[in-house]
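Visitor: Could you take me through one part of this model closely, with the helices and the loops that join them in view? I would like a careful, connected account.

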Amino acid sequence: MACALNSLSARLAVQNRTVEAGEMDLLRQLRETWTIAEDHETAAVMDGILADEIQHVRFANQWLHRFAHEPQAVMQMAAALNFAGGVMRALQPQPGERSLDNVELAAVDHAIEVNTEDRHRAGFTQAEIADLVRQGRSSDLKSQSHTES
Ligand SMILES: [Fe+2]
């Protein structure tokens, strides 16, 4: 999806600020899951990847704040997020679709708890984090699809 975006501001908005920020939420959850399973080596790998992603998202947020003063970049970001939201909606499981092990995919709750601490480290504002927590969703794209459907 990110490869279809042809501007730096669009890629930062979708790949880093949205997808990788959502990955931060997932990695925090995975680290806890592996810790509970007493696989501390895998938990440490998740922690290392998480630390890396926090930096990627933080750099993106810093650059996007600069781009926020450039109308063309703002339009590119808006178009990119709209495109990405459409891709996410198209990929959502439809009622009746089942996995190979016969799980009703649309019925599975894929919600991931928002990683508020690391999102703060990555440059999200308290208001942005509060919005995500209130929506109960880890991804800005998911919340777009939620409000538009
Ligand atoms: Fe990354």
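Guide: Helices here are DSSP runs of H or I with at least four residues, numbered from the N terminus. The model is a predicted one, and the part to look at closely is the pairing of helix H1 (residues 8–36) with helix H2 (residues 40–67), whose axes come within 8 Å and cross at roughly 155°. Because angles over 145 degrees count as roughly antiparallel, that crossing makes H1 roughly antiparallel to H2. The crossing of H1 and H2 is left-handed, and the contact of H1 with H2, sorted by class, has 17 nonpolar, 7 polar and 7 charged residues.

The loop between H1 and H2 holds Glu38, whose phi is near 60°, a positive value in a residue other than glycine. Most residues other than glycine have a negative phi. Glu38 has 7 C-beta neighbours inside 10 Å and therefore counts as exposed, since the cut-off for that class is 12 or fewer.

Further along, Asn102 sits in the loop between H3 and helix H4 (116–121); its phi is near 70°, again a positive value in a residue other than glycine, and with 6 C-beta neighbours inside 10 Å Asn102 counts as exposed. As for helix H3 (residues 71–91), its 21 residues at 1.5 Å a residue should span 30 Å, and the end C-alpha atoms are 30 Å apart, so the expectation and the model agree. Within H3, the buried residues include Ala73, Gln76, Met77, Ala80, Ala84 and Gly85.

Note on methods:
Residues are numbered from 1 along each chain as its sequence is written. This is a predicted model: local features need pLDDT of at least 70, side-chain atom pairs count only at pLDDT 80 or more; totals for chains, interfaces and linings use all residues. Helices (H or I, at least four residues) and strands (E, at least two) are DSSP runs, numbered from the N terminus. The expected span of a helix is 1.5 Å times one less than its number of residues. A residue is buried if 20 or more other C-beta atoms lie within 10 Å of its own, exposed if 12 or fewer, and partly exposed in between; C-beta atoms are placed from the backbone. Axes are lines fitted to C-alpha atoms, for helices over the stretch in contact, and angles run from 0 to 180 degrees between N-to-C directions. Angles under 35 degrees count as roughly parallel, over 145 as roughly antiparallel, 65 to 115 as roughly perpendicular and the rest as oblique. A crossing is left-handed if the near helix is turned anticlockwise from the far one by less than a right angle, and right-handed if clockwise. Ala, Val, Leu, Ile, Met, Phe, Trp, Tyr, Cys and Pro count as nonpolar, Asp, Glu, Lys and Arg as charged, and the others, Gly among them, as polar.
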